[in-house]
Amino acid sequence: MDTLKAGDAADVEDAVRAAVAGDQPLEIIGHGSKRSIGHAMTTDAVLDVSALNAVTCYEPHELIITVQAGAPLDEVVSLLDSRNQEFAFEPMDTAALLGVRSGRGTIGGMIGAGLAGPRRIKAGGVRDHLLGAHAVSGFGDGFKAGGRVVKNVTGYDLCKLLAGSWGTLAVMTEVTLKVMPKAEAERTLVLRGLDDVTANRAMTAALGSPYDVSGAAHMSRTALEAARGALAVLASTGQAATLLRLEGIAASVAHRGAALAAHLAPFGAGELVEGAESAALWCDVRDVAPFAADGPLGGWPVWRIVCPPASGGAFGQALARETGGEVIYDWAGGLLWAALPSSVDVVDAYAASLRRRLAPLGGHATLLRAGEELRRTVDVFHPQAKGVAALAERVRRSFDPGSILNRGRLTRTPIS
Amino acid sequence: MTIMMPASDQAVLDRRDAIVADLRAIVPGEGVIASAAEMLPYESDALTAYRQPPMVVVLPETTEQVSRVLKYCFDNGIKVVPRGSGTSLSGGALPLADAVLLGLGKFKRIREIDFDNRVVVTEPGVTNLAISQAVAHAGFYYAPDPSSQIACSIGGNIAENSGGVHCLKYGMTTNNVLGCELVLMSGEVLRIGGKAPEQAGYDLMGIITGSEGLLGVVTEVTVRILRKPETARALMVGFSQVEAAGECVARVIGAGIIPGGMEMMDRPAIHAAEAFVNAGYPLDVEALLIIELDGSSIEVDELIKRVEAIALGCGSTTCRISGSEAERDLFWAGRKAAFPAVGRISPDYICMDGTIPRGALPRALARIRELSEKYGLGVANVFHAGDGNLHPLILYDANKPGEMDKAEAFGADILRCCVELGGVLTGEHGVGIEKRELMPHMFSEADLSQQQRLKCAFDAQGLLNPGKVFPTLHRCAELGRVHVHGGRLPFPDLPRF
């Protein structure tokens, strides 16, 4: 398979136009760290944008950064960190979960995947922080979307579509993202020994309080034991742990920590974890450390399930009980990571049943980690209702009528 | 009216009586308004300089009626202009002579309040403020707070991606809407998103929000609600130079402080507001900042100290800190009344709405001053300083020949300046008809073609709210084939406004 290495945005346009002319679909990659997500692509060539890796403009006082899409995420995060800033949505590092080398992944991949971390409940997701983009459509036309200011309603907000589109609408070449100051202090309240449903209630109570909770996660004893890092430390008591994070200036975090503990006293006495120790816990939650590819649950397929937050506990508890799998909860129950043990046949059955049961809740499930054989059998991305799916397909065609970009990644159904 | 709209379809106008009768069969009783006198209130939105009676007004009450009306119009090639409360400031709901005006004002019910999932499911005609009022008893609120929140509808907020003073910290409408029921021009009813924090597939909710009624008609909305912070306090800080106030804004943000709101007024706006509400604003300053900090009381107390120190470091000449809710409300009262206050000092004004990078504030204000002299028209500046969203109020007298045209030219120059400084044409009011012709100043033909292709995915016949947002009409089939390169204009024979 040919690899076309783009040196600049003009190269990307040329490559896509040539692909359109020859009806030769392209796989778009940065570092390729998320290539194992989605269906096998029916592409003839690879368009590699990793050389578009410059930081074009960083204005800490404006709270924005403009970077080329191939810029390595870890380098950009380090740059922001040097100015005590960050991406508030806590972009997930999929390396451990997918078993790829750590430190890989680009800004373009981060946006295309749209996988936000624990702070999404407070700060929003990737889509909320993408202010502008330059991209090349499947027509081979370079176009601009959005701008570089926070408040902008000029024309359609095409950036929203690019976030989470898995490279199927356009090839991003340069993007502008909102950044935020890092919190001065953080503290995590840990509640012990709650079952999934009770923990869900505790998280709901925390999010309904005025204490500005910026992370709410829960995991069982066995999940904690499966993690190697900071979360594994919590396994020592042999109990499940429910984590609630507070961030801000030190005095406020201390005040709110005490107030939140009192507010949640009916769920048991909490313990407080502070500073770097707390931060390490949330990195592990963000990256789903208990399901690391090289950990004890590394051989199991992993689902990413999004549902109304207050429904998560009951849904996950039933799922774990029925499958013998392991479920961990983030976003106060709105995000479930489920590792389910089984053969291809059984997972196929799970897929249908879990999606059927998610339907009345308005949730959806993505098979984020699975072998190739399984991904050929099961719909990786959640099938949509007929009318919405048809609209989404028309939207896709409005960007890429020839299905030149990442053809086949989103659906097992061949595009006619 | 100086702006051109799409040519009316005479064949549609010739069938008006039959169309009205057919619509009455779908929406019975008083749901169809066809007399000229009764249609008067619908002939403009809040951009009242432009008026156009619609062909007929239809006020459905159910999603099924909306669907049937749209399908009927789709089948018969009739244009439709959706309308919420009509508070749009950019002409987004301006009727067309040959179009149905589809008012959603009867969709007034809050369908569900779900505190556990922190969402409200509501019909689109409910006002922005009513959502907050409905959940206030439990300590919750809906964060985006456009100044018109007492009157504007949540459906209109989605159409315009409305903002407000809280947007800096809590985001715009798009950051606070989770899902909707959407009726396409074909009459098809779709559910996009819902109570889950994210939807499956492409972010269709994200593209519907801010689409100015060109993509579909929203008949139900699911919005996020937030628990109110423990407390909020405000500082009122005066500066003898506008540049110093701008510097203060930059330093507050640079210090890692994100206020709940950070607003600025210049001397003319301060004087007008003070005369109107007696908020105690200092009259000997060139710029006034109102900075609100919210959160826990300890946090707010600490941040007040830090912001006060920053303001002093920037040369503030006065600084008052609210000691009570009543005083905080008073600080805001003048800012919130700034628009009507300016209305008392000038027979007419145009409220502009552009956004610039915060750091460009002094340059933008200097340019606005130059333009004020060039056009010989006064200007008062009120703006969301924290996010660079300017609202210059251009003062004129419509009774003086040529002044309105001068005011419009002045406004267009300000918006061009915003783009040149790295900003955008509109921060919260939308493009509508007001800024339609300026779109090519910000977007290339290729940029606009991509946006119009997206429009075609929702409304292939271009029947929904035509004439808004885009300066050029395109036919969808042609957009699907056209490649625009080198700035050449394709299909020069197509109608252009």
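What follows is a chat about charged pairs in this structure.

Biologist: What should I know before we start?
Modeller: It's a predicted model, where local features need pLDDT of at least 70, side-chain atom pairs count only at pLDDT 80 or more, and totals for chains, interfaces and linings use all residues. Residues are numbered from 1 along each chain as its sequence is written, chains are lettered from A and ligands numbered from 1 in the order in which they are written, and side-chain values use heavy atoms, with hydrogens and water left out.

Biologist: OK, how many salt bridges over all chains?
Modeller: The search finds 57, counting a side-chain nitrogen of Lys or Arg within 4 Å of a carboxyl oxygen of Asp or Glu.

Biologist: What does A:Asp81 pair with?
Modeller: A:Lys182, at 2.4 Å from N to O. A:Asp81 sits in helix H2 and A:Lys182 in the loop between strands E10 and E11, 101 residues apart. Helices (H or I, at least four residues) and strands (E, at least two) are DSSP runs, numbered from the N terminus.

Biologist: And is A:Arg192 buried or exposed?
Modeller: Buried, at 16% relative accessible area; the cut-offs are under 20% for buried, over 50% for exposed and partly exposed in between (1.4 Å probe, protein chains only). A:Arg192 bridges to A:Glu271 at 3.0 Å, and A:Glu271 is partly exposed at 34%.

Biologist: Switching to chain B, which residue does B:Lys374 bridge to?
Modeller: B:Asp413, with the closest N and O atoms 3.7 Å apart. B:Lys374 is exposed at 57%, whereas B:Asp413 is buried at 16%.

Biologist: Which residues are linked in a network?
Modeller: B:Arg109, B:Arg111, B:Glu123, B:Glu181, B:Arg191 and B:Glu220.
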